[in-house]
Amino acid sequence: MVAKTLFGFEDILARELVQLGAMDVEKGVRVVSFVGDKGFMYKANLGIRTAIKILKPIKSFRITREEDLYNGVKNIKWENYLKPEGSLAVDATVHHSIFTHSQYTALKTKDAIVDRFRENSGTRPNIDLRFPDLKINVHIDRQRCTISLDTSGESLHRRGYKTATNIAPINEVLAAGLIMMSGWDGQTDFMDPMCGSGTILAEAAMIACNIPPNLMRKEFAFERWQDWDVDLFEKIEESLLKKTRDFHHKILGYDKSPSAVAKAKENIKNAHLDEFIHIQHEDFFKTQKAGNSKLHMVFNPPYGERLENLNVEEFYGNIGTTLKHGYPNTDAWLVTSNLEALKSVGLRPSRKIKVFNAKLESRLVKYEMYEGSRKAKKQNN
């Protein structure tokens, strides 16, 4: 199988797969391939935090001209995967001199499948782009065409707990990956001081408690397959739930927008995580850290549409000032696509990691705020 992910998350995804029990794990660019049985396919969809999709390749063939695609697809025994009266959808990714248009490739694939059914049974499956019985993925890279079944359906970042969002909500897979990259393990207090609709908070709580991220989803694509095994799925679900763990720290969210606070609270409640997460209507720049215990902070400061009337330099300067004066003993991680604005923070990051937020090149940066000054810290050591 192949798990698709975001740029820069390949290492984390590979680690997740190994921990879950995948065999022959191999990293590529934005993908990690692995081997597992049907039960593991269910497990990966339920339990992996940084995958966008899990694909199951069923055929790979060489392709040099247009007919090769049609013939290669038509030769697959589609009747093993779909009833003649069923429905299908095809999506395609292409890197090829002949096949330059993904929609055209998808159309040709669909034609080949439909023609096979029509010739064999006199009946043809329908096209249903929203809720197909079988979702097919075509990947053409140079002269190699791989046909896969999409086991997930809708992107796995759609966890199912978010009903309310603000203007620029962070993707759940991105949020989970950033938290994991930051090294948070649930052994300290956690904070998102600009929490928006609460995505980072929800993902942090699920990581802390080892709760499978996709328990709330309404449906996976494999539930419409002919070999769907509901008993096996429930067993897998149960085994994952047995591995949840207790959490003995606090997860705190602030936002200065009352509507964002209301949305975040609604989403956290939907996710059944409200016992772990406390959300307050606060302007981060007017706050200070409570207590002396270690704090782990991950946040996505507003940008673009959400910063219409704000002076970006002043805003990022305030982030630096607030961290420096109000948040000792804190590891603060922030992600931003405004690389120029980072200079205004006025603190030296101890780490910088390149990531992408949608198509925007971004940086995940870490600021280590010590008790007292860094100099004093060194002298004490």
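Predicted model: local features only at pLDDT ≥ 70, side-chain atom pairs only at ≥ 80, totals over all residues.
Local features were taken only where pLDDT is at least 70, and side-chain atom pairs only at pLDDT 80 or more, whereas totals for chains, interfaces and linings use all residues. Residues are numbered from 1 along each chain as its sequence is written, and side-chain values rest on heavy atoms, with hydrogens and water left out.

The domain assignment divides the protein chain into domain 1 (2-150) and domain 2 (172-210 + 221-380). Such bounds come from an automatic or database domain assignment. The centres of the two domains, taken over C-alpha atoms, are separated by 33 Å. Domain 1 gives 31 residues to the contact between them, and domain 2 gives 26 residues. Contact here means heavy atoms within 4.5 Å.

The interior was examined next. A nonpolar core is a set of buried Ala, Val, Leu, Ile, Met, Phe, Trp, Tyr and Cys residues joined through side-chain atoms within 4.5 Å. Buried denotes under 20% relative accessible area, exposed over 50%, and partly exposed the range in between (1.4 Å probe, protein chains only). The largest nonpolar core holds 47 residues. Within this core, Leu17, Phe34, Trp78, Ile136 and Ile147 touch the most other members. Helix H2 (residues 38-47) gives the most to this core, with 5 residues. Helices (H or I, at least four residues) and strands (E, at least two) are DSSP runs, numbered from the N terminus. The core draws at least three residues from each of domain 1 and domain 2. A second, separate core comprises 40 residues, including Met180, Phe190, Cys209 and Leu273.

Ile147 illustrates the packing in the largest core.

Side chains of opposite charge can pair when their charged atoms come close. A salt bridge is a side-chain nitrogen of Lys or Arg within 4 Å of a carboxyl oxygen of Asp or Glu. The structure holds 20 salt bridges. In one of these, Lys38 pairs with Asp227, with the closest N and O atoms 3.9 Å apart. Lys38 lies in helix H2, and Asp227 lies in the loop between helix H6 (199-209) and helix H7 (230-241), so the pair ties together parts that are 189 residues apart in sequence. Lys38 is partly exposed, with a relative accessible area of 28%. Asp227 is likewise partly exposed, at 36%.

Glu79 forms a salt bridge with Arg116, and the closest N and O atoms are 2.9 Å apart. This pair links distant parts of the chain, 37 residues apart. Glu79 sits in the loop between helix H3 (66-74) and strand E5 (87-95). Arg116 belongs to helix H4 (residues 102-121). The side chains of Arg116 and Glu79 are also joined by a polar contact of 2.9 Å. A polar contact is a pair of N or O atoms within 3.5 Å; within protein, one must be able to donate a hydrogen and the other to accept it, and residues adjacent in sequence count only if both atoms are side-chain atoms. Arg116 is buried, with a relative accessible area of 15%. Glu79 is partly exposed, at 36% relative accessibility. Leaving out residues up to four places away in sequence, Arg116 touches Lys74, Asn75, Ile76, Lys77, Trp78 and Glu79.

Glu340 and Lys343 form a further salt bridge, with their closest N and O atoms 3.2 Å apart. Glu340 is exposed, with a relative accessible area of 55%. Lys343 is exposed as well, at 62%. Salt bridges that share partners join Arg65, Glu67 and Asp68 into one network.

The cysteines were considered last. A disulfide is a pair of cysteine sulfur atoms within 2.5 Å. The structure holds 0 disulfides. For Cys195, the closest cysteine sulfur is in Cys209, 18 Å away, too far for a bond. Cys195 is buried, with a relative accessible area of 6%. Cys145 lies in strand E8 (residues 144-150). Cys145 is also buried, at 0% relative accessibility. Residues that touch Cys145 include Lys59, Phe61, Ile63, Leu69, Val138 and Ile140, with those up to four places away in sequence not counted. Cys145 and His296 are 151 residues apart in sequence and 45 Å apart in space, C-alpha to C-alpha.
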